[in-house]
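Subject: Structure handover and findings

Hello,

Here is the structure I promised to pass on. Please open it first, then read the notes below with the model on your screen.

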Amino acid sequence: MAARDAATSNIMRCQAGWIITRDDGSAQPPSPRVITVHRMAQKSGTGSILWRLFATFRDNWLHDRTMDLRPFDLPAAHRTLGPSGVAPPDGAPVYTARGVAETLDRVKQEFDMIVGELTITRDQRDRFEATVTQQTDELEKIKHALHDLEAQHNKVRQHYEHELRVLRSEAGAGYSRPTQTQTRPSSAITTLSSPSIFMSGPAHSPVLDPHNDRRERESRERGDRDRDIQRARFLDQGNSKRIKLDQPESNRLPLIGPGSSPSSRRAPTPAAPPPPAPVQQSYVNDFLNNLDLATIPPEWKKEGSDWFVIYNPKVKRTLDVSLLHTFIHETVVCCIQFSGDGKYLATGCNRAAQIFDVQTGRKICSLSDDSTSKTGDLYIRSVRFSPDGRYLATGAEDERIRVWDIEKRSIRVIFEGHHQDIYSLDFSLDGRRLVSGSGDATVRIWDMDAYAAARVLNAQPESDAPDDDAGVMAVALAPDGALVAAGCVDALVRVWSVSTGALVEVLRGHQNSVHSVVFTRDGSGIVSGALDNTIRCWDLRAKSKKDGVPCAVFAGHKDYVLSVGISRDSQWIVSGSKDRGVHFWDSNGVVQCMLQGHKNSVISTSLHPTGNFLATGSGDKLARIWNYNTV
């Protein structure tokens, strides 16, 4: 019956509605499809898309060659498309069901196309709105940052203006103000990134000159005001023994070197100018004078999104350097080290040490002492894994060494005894000894079994000058544990016997503070980096009574050398500098390549014990792991 009705049904367009008729003239309601489209079009209004679609359907129907329409007045029931109807007038034209179906399909296609376009338009609008919102938020953050910078600038300016007023009033009253050389403030390696350097409280360590009671008393009487002003002045004046690292737009970086006054950290006056680098070395490394990437041929450079490597065109290229991981920190990364098995990397920053998985880049944990005061900065200056990887030792500005149980995320023991900031740590290969170096000019050897200091080694200044300082900036244990070396503020490298505590060597040659020392793999030599922009390789086996310990000088950095390391195969010496570059040196002092992967000073480096990986920590708050592979 349905098939016959569909074959014989006709549809007519009338003046007031639609009607479907059979051959016998009886009325039949239109199909639900037609009714639905018609009703939706009526409800949506004559200006809507659906009404225009329905009108298109209607007009197409009117012009179909198989259709011939004429006006017909429908009863009210037909106008409402009810189930009842009347027979069409005699001779009324009819429509075929196939034409109706085809027209409805065309309407549906046009409707679907318009709906799709509307959906795309809405998605684009949503994306544009999200982008605008994000950029607006970024602009707000920039505005707040600028506001904070302006406030900091005003605070520093007020310090200067107040100091000038005090100086003028004292000059007018004929008062002689104590000079910087009369005091020995005790802060050590200055903070790396926090603007709170201007707001630091009283120093917590004793002065370096304990016999100068009068000067110490005068210093305390001056109070916090003078100390803040001195630090602010020091940031602008700079110092030959302390580092004023590059300052990012939003933060001031810490200085590197014990003491807080320029006079107490004055560089020693060399008896003769530093020896120049060999002519051949200078010639081969002269590519470092041209760091303009636009003028360097493609085969001698490699670029990443925010880093690049320049290879030495005068030697055969044997390395390929690439970035593996980037770890973002909230503050400056002061120190960095791989674990003994090479699976993990530890970093030290303000108040926390963090441990990362080398392969995946996943952060394993963050270690911080919740019992410490939350005011001010507390930078972690050195991190060292125990040889078995179970413990992590951290040295900080509060004069304490914390040994963490990594699995339990808790402190196993705290070593106390230093009187100034702790800058460097090193474990013996058997894990039974931990060596620490501090701005108090001592090296302490700690017994990990007895949890006590087994020996204290003193770096005595070689003169009685009040501004002579032998604060220890770096320590290293020989592979066999027999010797310990220390890089000091007075530009000397001191070497002691661990068993007897006797000073066995004093290595002279650097012209400024020694900030990094490391023993060669066989323990026969020492590599040191200093603020005189040079690296020195000392051969302990070739010592003579006449000339002492010979050394090779590697020159090429344009600013302070802050860290040095030796690759696992002893083929490369790697150095990080305040000039933001990392150099790969061969044994002859020739630079294979220069890596620039940070926007600020490269403060710390660490070479992987088993693989070709290099880790770098910087004042730009990034720690990175690099691959260096032989080509």
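Start at one helix. Glu 140 and Lys 143 are three residues apart in helix H5, so about one helical turn separates them. Their side chains meet in a salt bridge, with 3.3 Å from N to O. Please keep in mind that this is a predicted model.

How open to the outside are these two? Glu 140 is partly exposed, at 34% relative accessibility. Lys 143 is partly exposed too, with a relative accessible area of 47%.

Stay in that region for a moment. Leu 139, Ile 142 and Leu 146 form a nonpolar patch on the surface. Together they have about 310 Å² of accessible area. Leu 146 sits in helix H5, which covers residues 97-173. Is Leu 146 buried or exposed? Leu 146 is exposed, because its relative accessible area is 53% and the cut-off for exposed is over 50%.

**Other salt bridges**

How many salt bridges does the whole structure hold? A search finds 20. Here are some of them.

Glu 397 and Arg 381 pair up through their side chains, at 2.4 Å from N to O. Glu 397 lies in the loop between strand E14 (391-396) and strand E15 (400-405), and Arg 381 lies in strand E13. The pair therefore ties together parts that are 16 residues apart in sequence. Look at the surroundings of each partner. Glu 397 is buried, with a relative accessible area of 7%. Arg 381 is buried as well, at 6%.

Lys 578 and Asp 559 form another salt bridge. Their closest N and O atoms are 3.4 Å apart. Both residues are in loops. Lys 578 is between strand E30 (573-577) and strand E31 (582-585). Asp 559 is between strand E28 (551-555) and E29. So this pair ties together parts that are 19 residues apart in sequence. Lys 578 is buried, with a relative accessible area of 11%.

There is also a network to find. Salt bridges link Lys 302, Arg 317 and Asp 320.

**The largest pocket**

Now turn to the empty space. Rolling a probe the size of a water molecule over the atoms shows where such space is left. The largest pocket holds about 1300 Å³. It is lined by 47 residues. Which of them are closest to its centre? They are Gln 337, Arg 384, Asp 426, Val 518 and Ser 606.

What kinds of residue make up the lining of the largest pocket? By class, 28 are nonpolar, 15 are polar and four are charged.

Next, check the backbone. Most residues other than glycine have a negative phi. Two residues here go the other way.

Glu 399 has a phi near 70°. Glu 399 counts as buried, at 14% relative accessibility.

Tyr 451 has a positive phi of about 55°, although it is not a glycine. Its loop runs between strand E19 (442-447) and strand E20 (452-458). Tyr 451 is partly exposed, with a relative accessible area of 34%.

**Two C-alpha distances**

Ile 401 is in strand E15. Is Ile 401 buried or exposed? Ile 401 counts as buried, at 0% relative accessibility. Ile 401 and Leu 425 are 24 residues apart in sequence. In space, their C-alpha atoms are 9.0 Å apart.

Cys 551 is in strand E28. Cys 551 is partly exposed, with a relative accessible area of 30%. Leu 540 is 11 residues away from Cys 551 in sequence. From C-alpha to C-alpha, Cys 551 and Leu 540 are 9.0 Å apart.

Best wishes

How values were computed. Residues numbered from 1 in each chain as written. Predicted model: local features only at pLDDT ≥ 70, side-chain atom pairs only at ≥ 80, totals over all residues. Heavy atoms only, no water. 1 Å grid on protein atoms, 1.4 Å probe; cavity = no way out; pocket = protein on both sides within 12 Å on 5 of 7 lines; lining within 4 Å. Points joined across faces, edges and corners; volume = space filled by probe spheres on them. Nonpolar A, V, L, I, M, F, W, Y, C, P; charged D, E, K, R; others polar. Patch = residues over 30% accessible without salt bridge, like charges linked within 9 Å, V, L, I, M, F, W, Y side chains within 5 Å. Areas by Shrake-Rupley, 256 points an atom, 1.4 Å probe, with all protein chains shown as cover. Salt bridge = Lys/Arg side-chain N within 4 Å of Asp/Glu carboxyl O. Helix = DSSP H or I, 4+ residues; strand = E, 2+ residues; numbered from the N terminus. Buried < 20%, exposed > 50% of the residue type's maximum accessible area, 1.4 Å probe, protein only.
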